[in-house]
Amino acid sequence: MEIIADLQVHSKYARATSYNLSIDNLEKYGRIKGLNLIGTGDFQHPLHRKEIDEKLSEDGNGILRTANGFAFLWQTEISLMYSQDGKKRAVHLLVFAPNRKIADKITTYLGGKGRLDYDGRPIFGINAEDFVKDLKEIDEKIEIIPAHCMTPWFGLFGSKSGFDSLKECFQDQTKKIYAVESGMSADPSMLWRFEEISDGVNVVSFSDAHSFWPWRLGREATIFEIPELSYDNIINAIRTGEGLKATIETPPEYGKYHWDGHRNCNFSSGPEETKKLDGICPVCKNPLTIGVENRVEEIAKFPKGHKPKNPRIFYRLLPLHEVIALYLGSTLENKKTWVIYNNLIEHFGNEFNILLNVSKEQLLSKNMPQKLVELIIMNREQKIKVKPGFDGEYGKALLTEKQATL
């Protein structure tokens with residue numbers, strides 16, 4: 001069976017998240033998006049855990065189900081902040097638990113390290129090696145994946161507080177890290193240039209959703225092809241690659257940290273221009289925040305275009321709301337955007353079906369505007385250019401007539 005999963009979400013108790021983020025809304029918009037499996041997010045937070053226990057029942061295979069049968073997986077995200085080799089480190093790690101009993105043990109462990117009630121993504125001063133060792137002693141089935149691994153401030157390979165390799169970060173526990181999460185500003189083709197990843201560490205992709213809206217939830221996802229939906233089958237696919245069919249990625253330029261720059265100075269630059277500037281912002285004369293594209297060049301062993309022995313498919317797709325808003329010249333939240341979006345969903349079932357499968361002829365047969373249909377197909381063919389995001393600013397999709405200026 002094919003499972004499209006988004007296994008990095010948060011609860012409303014995490015910072016900078018929607019007040020209306022709930023299990024009910026994740027199910028509702030997950031179905032509209034075309035997802036089959038979503039992470040619970042923040043399972044160690046006491047108030048969110050109460051909602052999980054009220055809304056979800058475990059099915060015996062490590063999968064949580066709503067009353068309507070929609071599937072969730074025990075998941076949280078932890079922030080580790082500590083010093084190593086004279087440098088401040090900050091790493092976000094995804095943690096998955098095989099069942100309620102182990103989720104409880106993880107919660108007890110984390111509670112012994114600090115408060116759990118102040119933020120859905122709590123911060124601990126544990127180093128990454130010890131964190132993995134401690135969790136694996138609780139249960140070997142616990143899975144730990146570096147989240148948005150390239151972003152400057154909290155990515156494993158980040159330019160500001162990260163490491164140059166998995167080995168440098170996890171030390172003797174490196175062999176227990178089976179995958180990295182690409183994040184919005186990178187895609188598998190960029191990460192394949194790293195020796196450790198090319199040698200067998202898998203790449204997964206999830207949304208890091210801070211709300212339930214379809215332009216956030218599932219904007220990045222992983223497609224599994226497994227015999228049946230169970231925790232063991234999902235984790236086996238992540239660890240071995242068998243059953244890991246593909247990932248859905250936003251174009252890396254769409255991410256908030258693809259290029260170098262300063263948001264407050266409204267200045268951004270690609271790696272070549274940054275090099276000419278010696279890494280200094282021409283506006284404020286301070287060091288630029290180095291983005292993902294530049295950071296990849298710093299630590300990659302292999303040239304552009306390098307692929308591992310068994311590369312997996314990945315799709316670069318803008319969320320459907322972005323495509324509609326580009327067509328209308330409107331915003332994602334605009335009522336006109338929603339009208340067209342809902343009309344498309346009514347005709348074709350869910351967003352991923354529209355983004356990946358529905359033909360041009362099928363779209364036109366439902367009286368969809370020619371220009372919008374062309375943009376949907378261009379999106380599928382990776383022909384919509386995006387002005388790169390930088391220093392916390394999302395990238396911006398461009399209409400054809402504006403693309404030549406990029």
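**Two aspartates and a helix pair**

Tutor: Asp42 sits in the loop that runs between strand S2 (37–39) and helix H2 (46–55). The model is predicted, and in it Asp42, although not a glycine, has a positive phi of about 50 degrees. Asp42 has a relative accessible area of 0%, and because buried means under 20%, Asp42 is buried.

A positive phi also occurs at Asp208, where the value is near 55 degrees. Asp208 belongs to the loop between strand S11 (202–204) and strand S12 (221–225). Its relative accessibility is 16%, so Asp208 counts as buried.

The account now turns to helix packing. Two packed helices are described by the angle between their axes and the distance between the axes. For helix H11 (residues 320–328) and helix H12 (residues 335–348), the axes come within 9 Å and cross at roughly 125 degrees. Angles of 65 to 115 degrees count as roughly perpendicular and those over 145 as roughly antiparallel; H11 and H12 are therefore oblique to each other. Their crossing is right-handed.

On the H11 side, the contact involves Leu320, His321, Ile324, Ala325, Tyr327 and Leu328. These residues meet Lys336, Thr337, Trp338, Ile340, Tyr341 and Leu344 of H12. By class, the residues of this contact between H11 and H12 comprise 9 nonpolar, 2 polar and 1 charged.

Key. Residues are numbered from 1 along each chain as its sequence is written. This is a predicted model: local features need pLDDT of at least 70, side-chain atom pairs count only at pLDDT 80 or more; totals for chains, interfaces and linings use all residues. Side-chain values use heavy atoms; hydrogens and water are left out. Helices (H or I, at least four residues) and strands (E, at least two) are DSSP runs, numbered from the N terminus. Buried means under 20% relative accessible area, exposed over 50%, partly exposed in between (1.4 Å probe, protein chains only). Axes are lines fitted to C-alpha atoms, for helices over the stretch in contact, and angles run from 0 to 180 degrees between N-to-C directions. Angles under 35 degrees count as roughly parallel, over 145 as roughly antiparallel, 65 to 115 as roughly perpendicular and the rest as oblique. A crossing is left-handed if the near helix is turned anticlockwise from the far one by less than a right angle, and right-handed if clockwise. Contact means heavy atoms within 4.5 Å. Ala, Val, Leu, Ile, Met, Phe, Trp, Tyr, Cys and Pro count as nonpolar, Asp, Glu, Lys and Arg as charged, and the others, Gly among them, as polar.
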